Every structure is written in structure tokens, then in C-alpha cells.
Amino acid sequence: MPGAVATEPIVTIEVGGPRGPKSTPPRRGGGDSGGGAHEVPQRTYVTGMTIALAGILMFFMALASALIVRKGMSNDWQNLTAPKILYLDTLILLASSFTLVRSRRHLAQGHLDSFRYWWNITTVLGIFFLAGQLIAWRQLAHAGVYLGTSPNSSFFYVFTAAHGIHLLGGVLALIGVALRPTQRMTRSTVTEVISMYWHFMDALWVFIFLLLFLGR
Amino acid sequence: MNRTAKGSAATPAILSLLLVLLVVITAYVFASGAFKAPPPITEIGKQVDHQYDLTLIVTSVVFILSQLGLAWVIFRYRDRGQKAEYNHRNTKFEAIWTTATIVLFVGLGLMARHAWAVTHLQPAGSDALQIEVTANQFVFNFRYAGPDGKFGRLDPKQVSASSGNPVGLDSADPNGKDDIVVPTLTIPVNREIELLIRSQDVIHNFYVRELRLQQDAVPGMVIPIHFTATQVGRYDILCTQLCGLGHYKMHSFLDVVSEQDYQAFLKQQAAQ
Amino acid sequence: MSSHAHSAVHVPPAPTGFWRKYIFSVDHKVIGIQYYLLALLSVTVGILLSVLMRFHLVWPSAHIPLIPGGMMTPEQYLSLLTMHGTIMVFFVLTTAPQSGFGNYFLPIQIGAPDMAFPVINMMSFWVTFVALCFMLAAFFVPGGAPLSGWTTYTPLSGLGEVTGPGEGWGQTMWLISIVLFCFASLMGALNFIATTIDLRAPGMTLMRMPLTVWAWFVTAVLGLLAFGVLLAGGLLLILDRSAGTSFFIPAGVVVNDAVQNHAGGSPLLWQHLFWFFGHPEVYIAILPGMGVASHVLSTFSRKPVFGYRAMAYAMCAIGFLGFMVWGHHMFVSGMSPFSGFAFSVLTMSIGVPSAIKTFNWLGTLWGGKIQFKSPMLFAIGFVSLFVSGGLSGLFLAQPAIDQYLHATYYVVAHFHLVMGVAAIFGIFAATYFWFPKMFGRMMNETLAKWHFWFTFVGTYCIFMPMHFVGIAGGIRRYSEPSAAQYLMNLQPVHYFMSIAAFITAAAQLFFFVNFFWSLKKGPIAPKNPWDATTLEWITDSPPVHDNFGGVYPSVYRGPYEFSVPGAARDFIPQDVKPEAVER
């Protein structure tokens with residue numbers, strides 16, 4: 001019966017140590033979500049992207065392990081020279097990370113026009129990167145190097161295709177943000193999340209490039 | 001819901017009984033020796049069996065204690081109107097059984113290393129008799145080096161079961177002229193044998209129960225295993241790695257014979 | 001004056017219209033049920049396949065209607081076992097316990113209105129559904145279903161139809177299905193992890209989460225890190241089969257006297273990639289069942305879980321170690337024997353957290369006030385089966401012993417007891433436990449009890465004798481025993497197991513009838529029929545659209561506060577303020 005005079009307190013054992021409820025409940029995001037779905041705190045999107053990147057990383061690590069095993073296995077590993085365009089591509093992608101950082105800094109300071117400007121530059125650089133990949137593929141095909149030509153070429157095409165598809169996703173997201181703001185995420189959150197993805201893809205490209213062409 | 005009502009004892013009684021029956025029947029069948037591996041024909045096979053027996057003792061104890069413990073605890077603490085105890089843990093017990101489990105399980109694992117090391121980490125002796133085992137869908141072929149003691153080169157393009165060259169001996173290599181290729185494996189007793197296991201198409205496996213040994217035959221690899229058979233007799237060789245529709249009938253025989261009979265076999269094969 | 005803390009939040013309106021409500025719903029509860037029904041369909045197919053297999057093993061020349069040719073051929077047997085394994089492992093054991101119950105109850109048990117990313121959640125179900133369609137299509141394409149086992153070892157699976165019927169189109173359908181399944185699982189894992197990290201109610205610290213939530217969380221982490229690897233392997237295999245690459249196929253392979261045009265790949269590479277995924281996969285299959293077992297054992301003993309912390313850490317340890325033991329499937333594969341030894345020691349170590357959990361389950365029961373309702377029967381059964389199945393693993397973990405037992409029926413007995421029975425018991429326990437909450441009606445206890453007795457006894461009758469077949473050297477994946485006399489001598493045991501299998505399969509009717517009948521005709525369920533403590537039991541049965549009707553709970557204590565001294569009732573729900581607890 002509530003309000004009865006208490007004798008001794010009811011003691012429950014706290015496994016993790018004494019605790020009370022967290023002082024503030026998690027923030028629910030603003031805006032109408034429509035479709036019956038609820039709003040989640042903005043930081044959840046950041047968590048989600050971190051998790052997604054972990055999963056994507058495992059995929060690429062599996063491919064990398066396969067390459068390393070295959071390379072060490074037999075003596076038929078033919079050298080593949082990196083098409084020159086890929087060096088340019090690497091610079092383009094690195095540059096795009098810088099422009100992305102710049103863009104977000106402008107956003108944080110409230111300079112929306114500068115934010116959009118540098119955001120669009122990033123998008124264009126991303127598209128150039130992908131174009132460079134296609135050019136590299138073309139060049140190799142002209143030289144008679146296809147997917148099944150040699151183990152090294154197989155891995156080259158698989159890695160660049162997998163990375164390229166992921167990067168295309170990133171480019172589409174960049175374009176999406178440029179065209180219209182999202183409903184569920186604040187502008188700050190969506191740019192943060194895309195930027196995490198983009199920098200990851202950038203670093204991943206460098207890793208792939210070194211793996212494929214460095215150290216024979 | 002009447003929280004203080006006692007449940008009927010029938011369900012826990014039956015369940016406990018079933019668990020006891022499980023233990024009794026399982027123990028009985030194991031103890032009766034009705035289903036056993038055939039006696040091993042190698043020294044290392046005896047060690048494997050010893051390790052198996054040790055493991056069986058440990059797991060039996062855990063099995064019996066756990067299942068009977070479960071049987072007891074569900075019957076003893078069935079709802080008879082009592083109040084349940086309120087406790088979360090018992091650090092002492094937890095420490096004890098955790099330590100015991102680590103010691104037992106990891107200890108068992110470490111004890112098994114000798115048998116494995118002898119079979120796989122030590123290479124065959126330099127005077128071991130080498131025989132090549134070639135597996136393909138769905139037969140085994142065994143190749144002996146012949147009087148010259150050298151194995152001829154193999155050429156995949158020359159593989160032709162229908163023209164009597166199932167392993168693909170390279171006709172251009174004179175060393176292969178006296179190689180003996182037969183569909184069953186004949187070996188002399190008490191001599192160390194090294195089998196070079198290979199496959200032409202998909203993954204197969206060479207398995208003889210009495211050797212306590214099996215090895216996958218992987219295309220692109222030649223994998224050596226070695227043993228010394230101490231018992232004359234005829235034993236089944238089976239393929240245990242799923243290799244296609246004929247997997248179930250991929251079978252051959254291992255004939256362990258006296259040294260005399262082995263020499264006679266070689267002579268007879270060389271004459272053909 | 002409410003004794004429950006709350007924070008009122010703007011709740012979006014529930015969807016109307018049949019399609020948004022039941023088909024393309026983003027509501028985690030609907031998605032959970034969709035996954036569960038998909039699993040139910042899959043398990044029916046899977047059981048049918050295994051019944052056909054057991055039938056063939058004892059009556060190989062029997063005339064079977066509907067099979068083209070009238071009599072089962074060896075390749076058809078192999079296709080059955082390939083599809084049985086694949087469908088059961090992926091579409092039953094990886095869906096129902098995690099994506100089914102986890103989707104439904106994870107958000108509710110942590111006090112959230114839904115998963116973090118509901119649209120992605122919906123997508124993951126529908127991609128799984130399409131994956132199932134491709135998998136079932138394998139039966140109907142030219143050549144039939146693949147015959148390379150669920151393990152799909154290369155080159156058997158990598159060369160196309162030359163290696164056997166079903167290896168053409170059938171294997172391709174299989175691979176597409178699995179690739180899709182990987183995507184779906186990765187999306188699902190993402191949701192589970194993000195939701196658990198970010199959407200817990202105030203006061204729901206990690207150490208106050210129900211063990212079911214811990215299990216779903218660890219399982220999701222395993223899935224996140226493992227499915228990417230299977231995806232990579234699957235894609236590479238597709239390329240080997242159709243794009244002229246040679247990742248997994250060496251040079252000089254000769255099939256039917258014809259040299260195959262490949263160079264230098266490694267069949268072992270496939271095995272490494274597959275088992276790096278495959279071993280965590282079996283822990284994905286069993287961990288949710290462990291969570292449910294702990295949860296149900298505690299509830300129906302009216303006692304807190306014994307050693308809650310150890311239980312949570314043990315699940316983390318099992319998950320972590322689970323990534324380091326994959327080589328124990330490859331002891332005789334031709335892999336380096338040194339690594340064999342390392343894998344062996346690590347595998348024996350996984351027995352330790354598993355044993356800890358078993359002792360703690362016994363500890364939970366000890367001193368309890370045990371009520372033998374149907375969820376509890378299956379939870380108790382789970383403990384017994386997990387012990388039986390887990391212990392045989394200790395033999396297989398030692399390579400010297402595995403050299404004898406590998407690919408025998410001993411292995412089949414081992415994994416069926418842990419996955420094919422214990423994990424299934426986890427699903428049954430969860431079903432009987434949560435059915436009232438999900439569907440607002442009680443299931444029939446009598447039918448449930450019959451289901452339990454038949455299944456518990458039946459599965460032991462099928463799988464305990466199987467160990468003996470293995471010890472005697474009975475080889476798995478053999479469609480007939482005709483190759484050796486000693487194999488034929490084992491037929492009486494196969495006979496016994498097949499009869500037991502038919503009876504046990506038939507007994508599942510108790511469950512199906514109960515399930516579907518109770519949906520419509522079961523007595524109306526109250527909010528908390530089991531007097532349980534976790535947050536799902538404060539919601540309606542079934543819960544409203546956003547679970548808590550806009551009034552979200554805060555949590556004041558751990559999840560298993562049963563029989564607390566001084567309290568009037570023998571349970572205290574998590575959301576009741578300390579000062580409001582009845583004395």
C-alpha cells in the first residue's frame with residue numbers, strides 16, 4: 001500500500017554498483033518523421049555509421065587476407081604496374097577529404113554559401129575519382145589485362161570495383177545533401193556521418209593502392 | 001494467479017526421471033563397448049585411443065554431474081509453496097568451478113599435443129617407403145616408384161582413365177616407365193610408410209579407421225602423412241570429404257602384408 | 001499518482017492501410033513477426049528435407065512419389081542435405097532467435113519505441129525474403145539444387161556442372177541467395193547494435209539489461225564482423241564460376257579427363273574465409289537461446305539469475321573467442337599443423353565460458369520455486385541438450401582425436417545437439433514465453449507439454465545413438481552404406497534414428513496446431529501472465545504501436561528481482577520506483 005510507513009528499506013542487489021536513472025532521458029530528435037517511425041537522438045546516426053564502417057572494414061579485410069594468402073602461395077604472381085591515372089586519382093581523393101573538412105568547418109561557423117561551395121567541390125572531386133577508375137580500367141583492358149588474366153589482375157578489379165561501388169554510394173549521398181536537406185537528421189549530423197564515411201573510403205583507397213602495388 | 005499454489009509433482013518427477021534415464025542409458029551403452037572403433041594398428045593409434053579415453057572420462061564426469069544435478073535441482077526445488085532464495089552469486093563457487101574447468105579443458109588440450117605432433121610435426125624418416133595416393137571422382141589410385149626408386153613426372157593433360165593412365169604419367173619422362181599404379185594400397189608391415197596425398201579434381205579424403213588417420217586430398221597440393229602399421233590385415237579406405245554423387249562409393253582397400261608378400265607383390269606388378 | 005517514471009514524447013501516428021501496416025511496415029514488432037513466420041516456413045521445409053534424408057538412409061530403393069525417376073538418386077540425397085543444412089542454419093537459426101525475437105523484444109526490453117533505423121530494418125527483412133526465394137528456386141532450376149553441402153567447398157562448387165548435377169544453376173542460385181542474406185544480416189546487425197548502445201531508457205545501464213538483450217547484442221556484433229567475410233568469399237566464388245578468375249581453383253584440375261582452365265588458386269582459401277564466418281555463425285545460432293534460457297529459468301524459478309555478471313561476460317567471451325577458433329573445422333584440411341595446435345587450445349578454452357553458463361543455470365534453479373510451465377520445460381531442456389552437445393565438442397577440438405572422428409556421424413551428432421536441438425529449444429521456449437505478449441492470447445499448455453515430451457525424448461533418441469555410429473566410423477554425407485561391410489553393420493542404428501526422427505517430426509504438429517489455433521482461439525492474455533520483471537511485461541498484449549503509449553519507462557533496478565525479501569510480491573518490475581514497491 002503506497003504511503004505506508006516504511007520499516008527497513010527493501011534491498012535489491014545492484015549488479016553494476018549503485019545507480020539511479022540517468023538524469024536526462026535520451027534526446028529525441030526534432031521534426032516530423034512521418035511513416036510511423038520515431039525520432040532517434042542525433043548521435044545515434046553517428047553510432048550507426050561507426051558500426052557500418054566496422055562491417056565494411058571486415059569485408060575489405062577478408063579480400064585483403066585472400067590477396068596476401070594468394071600472393072604467398074604460388075610463384076605465378078605477375079607484376080601489375082599501376083596505371084599512372086591512379087596516382088592522380090589518389091591525389092584527387094585525398095584532396096576531396098580536405099575540401100570536405102573545409103566545407104564542414106564553414107557549416108559549423110554558419111557560412112552556408114561557403115559550405116555549399118566546398119561541399120560541391122568535394123562532390124565533383126568524387127566524380128572525378130570514379131572517372132579515373134574507369135579510365136584505369138579502360139587502359140588495362142587495352143593492354144589485355146582483364147578480370148581473369150592473372151591473380152593480381154583479379155584482385156585489382158575486385159578491389160577497385162568494390163571500393164568504387166562504395167564510393168559511388170558516398171557520391172550519391174553528397175549529391176543528395178546538396179539537393180535537399182534530410183528530414184530526420186539535422187544538417188550537422190548528416191554532414192558528420194557522410195564525412196566519416198568519406199574519410200574512411202579515402203583511407204581505404206590508400207590502403208588498397210599500397211596493397212596492390214607496393215612491395216613485390 | 002494464485003502464487004502460493006503448489007504445482008503437481010508429476011511433471012518434475014517425469015523430467016527428472018528422463019534425465020536420469022539419459023545418463024543411465026548413455027553410460028551403459030558406452031560401457032558395454034557395443035560401438036567401438038576397431039583396434040588400432042599403429043603405435044600412435046594407441047596413443048590417440050588413450051587420449052580419447054582420458055577425454056571420455058572427463059566428459060563423462062561432467063555429463064553425469066550436470067545431467068543428474070539438473071535432475072535433482074528441478075525436483076528438489078519444484079514449487080511446493082516455498083519461497084525462493086534471493087541471491088545473485090556465490091563468488092567462492094564461481095571461482096572454484098571456473099578454475100577447475102580451465103585446468104581440465106585446457107589441460108586436456110595440452111595433453112593431446114604429443115599424438116598430433118608425432119603424426120604431423122615430425123616428418124617421415126628418410127628411409128620411409130613413399131607411395132603416392134591420387135584421389136579423383138570417384139576412385140583412389142596408388143603409385144609406387146618402381147625398381148628405379150624414382151617417381152615419374154605427372155602431366156594433367158595426359159590423364160586418361162580409359163587408356164589406363166589414371167594418374168597422368170608423363171610419357172616423356174623415362175622415370176615413370178616403371179612406376180606401378182594400382183587401385184588398392186599394399187604395404188609391408190612394420191615399415192614406416194609415407195603417403196603423398198593428392199587429388200586431381202575436387203577435395204577428397206583418405207581415411208583408414210584402424211590407422212586413426214585421415215587426410216584431405218586437395219587439388220594443387222601434395223600432402224604427406226606417415227605411419228607404421230604393426231598388424232597384417234585388410235582394412236577399408238574411405239573417402240570422407242564430400243566429392244560429388246559418387247562420394248559414398250569411393251572406396252579402396254589397405255592391405256598390410258608381410259615383407260615377403262610385399263616383395264612378391266612388387267615383382268608381380270613389375271612383370272606387368 | 002503514477003509510481004512509474006515517465007517522459008512524454010511526441011508519438012507519430014500509427015500507419016493505416018494494409019500494406020503499410022502488415023507488409024511494408026517499419027514497426028519492429030511487425031518485422032519480428034515477419035521474420036518469425038519466414039523461419040517457420042523455412043523450418044517446415046528443412047524438416048521435410050531431413051525426413052526425406054532419414055527415409056532414404058534406411059530405405060534407399062523405396063519408391064518415392066513426386067521425385068523425378070521415382071527413386072532417390074545419390075545426387076538428390078546430396079542436394080537434400082545441402083539444402084537442409086543451408087536452410088536450417090541461415091533461414092531458421094539465424095532468423096528466428098535473433099531477427100525474430102530480437103527485433104520484437106530488444107527495443108521493448110530496453111524501453112525504446114522502436115529500433116534505431118526502422119526503414120533499414122524493414123529492408124533487411126525483405127532482402128532476407130528475396131534471399132529465401134532464390135534459395136528455394138535452386139530446387140527448380142535445371143540440374144536441381146547444389147550438392148556441395150552447406151559448406152560449399154571448392155573446387156566441387158567452383159567448376160560448374162562438370163563436378164556434379166546441381167552445381168550449375170543450382171549452385172548459382174544458392175550463391176546469390178547467400179550474398180543477399182549477408183547484406184540483410186549486416187543491416188540487421190547494424191540496427192541491433194546502434195539501438196542497444198543509444199536507445200536505452202533512463203536507468204537502463206548495461207548491467208541492468210536483461211540477458212536476452214546482452215545475447216542479442218553480442219550476437220549482432222558477431223554478425224557484423226562475420227557476414228562481411230562470407231560476403232567476400234561468396235562474391236569471389238561467383239567470380240571463379242562465371243568470370244574466369246581462379247581464387248579458389250588451382251591449376252591442373254582434371255575432371256572427366258579434361259583439364260580445367262584455371263590457375264593457381266587455393267581451395268583452402270575458401271575454407272578459411274568460409275569458416276572464419278562459419279564458426280561465429282554457430283555462436284550466432286546459440287547465443288540468443290542462451291539469453292532466453294537464462295531469462296526463462298530465472299522467471300520460472302522466481303529467483304534472480306545466478307551470477308548475472310559472469311553470464312554477460314561469458315557471452316562476450318564466447319563471442320570473442322568464437323572468432324579465433326575457425327581452424328578446428330580444418331584440422332585435416334592440409335592447413336599447417338602448427339596452427340592446428342593453436343586452434344585446438346583456443347577451442348578447448350571456449351568450453352570454459354560455456355561451462356560457467358551451465359553452472360550458473362543450475363545455480364539459478366538451485367533454491368528456487370520452480371514452476372513447470374511450457375517455456376520453462378524448454379529452457380530446462382535447453383540446458384540438458386547444451387551440455388550433451390557441448391561435451392562432444394571437447395573430443396573434436398583435439399586434432400589427434402579429430403583425425404578419427406572428422407567427417408563421421410560423431411560430428412553430425414555434435415552439431416545437431418547444440419544447433420539442431422538446443423537452439424531450437426531456445427526458439428520454442430521463447431515462443432511459448434512471448435506468444436501471449438506478441439499475440440494477446442495464451443497458448444494451450446496441454447498441447448505444449450505433449451510437444452515438449454515428444455520432442456525432448458525424440459531428439460535425444462535421434463542424436464545420442466548418432467555418436468555411436470560415428471565412433472564406429474560411420475561416415476557422414478554418404479547416401480548409402482554399401483561401400484564397406486562395417487557401414488552396413490551400422491544400419492540397425494540408422495533404422496532406430498530414422499523411426500525416432502519420423503515420430504519427432506510428426507510431433508511438431510502439436511506445436512503448429514497450438515500456434516495457429518491459439519492465434520485465433522486462445523484465451524485472452526493479460527499484460528503479465530508470468531509475473532515477470534522486464535519491461536515488455538508492462539506493455540499491452542500485444543503492445544501498442546510505439547510500445548509504451550507515449551509514456552516511456554525509467555528503470556530502477558536489475559532485470560531479475562524475484563523473491564526480494566520484504567517485498568509483498570515475489571517479483572519487482574524494473575520500472576517501479578523504489579519508494580513505490582509494495583511491502
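**Ground rules.** I number residues from 1 along each chain as its sequence is written, and chains are lettered from A and ligands numbered from 1 in the order in which they are written. Since the model is predicted, local features need pLDDT of at least 70 and side-chain atom pairs count only at pLDDT 80 or more, while totals for chains, interfaces and linings use all residues.

**Chain A, overview.** I looked up the secondary structure of chain A and found five helices and zero strands. Helices (H or I, at least four residues) and strands (E, at least two) are DSSP runs, numbered from the N terminus. Of the 216 residues in chain A, 32% are buried. A residue is buried if 20 or more other C-beta atoms lie within 10 Å of its own, exposed if 12 or fewer, and partly exposed in between, with C-beta atoms placed from the backbone.

**Chain A, helix pair.** I checked H1 (residues 43-73) against H5 (residues 187-213) of chain A: their axes come within 10 Å and cross at roughly 10 degrees. Axes are lines fitted to C-alpha atoms, for helices over the stretch in contact, and angles run from 0 to 180 degrees between N-to-C directions. Contact here requires C-beta atoms, placed from the backbone, within 7 Å. By class, this contact has 13 nonpolar, one polar and one charged residues. Ala, Val, Leu, Ile, Met, Phe, Trp, Tyr, Cys and Pro count as nonpolar, Asp, Glu, Lys and Arg as charged, and the others, Gly among them, as polar.

**Chain B, domains.** Chain B is divided into domain 1 (10-80 + 87-119) and domain 2 (124-271); the bounds come from an automatic or database domain assignment. Their C-alpha centres lie 39 Å apart. The contact between them takes ten residues from domain 1 of chain B and eleven from domain 2 of chain B. Helix H2 (residues 43-76) of chain B gives the most to the domain 1 side, with four residues.

**Chain B, local points.** Gly125(B) is in the loop between helix H4 (113-121) and strand S1 (129-136) of chain B. It counts as exposed, with 12 C-beta neighbours inside 10 Å. I also noted a cis peptide bond from Gln137(B) to Phe138(B), with omega near 0 degrees. Phe138(B) lies in the loop between S1 and strand S2 (139-144) of chain B.

**Chain C against chain B.** I found 95 residues of chain C in contact with 86 residues of chain B. H10(C) gives the most to the chain C side, with 15 residues. That side has 60 nonpolar, 26 polar and nine charged residues.

**Chain C, local points.** A cis peptide bond joins Ser541(C) and Pro542(C), with omega about -5 degrees. Asp257(C) is not a glycine, yet has a positive phi of about 65 degrees. Asp257(C) is partly exposed, with 18 other C-beta atoms within 10 Å.

How values were computed:
Contact = placed C-beta atoms within 7 Å.
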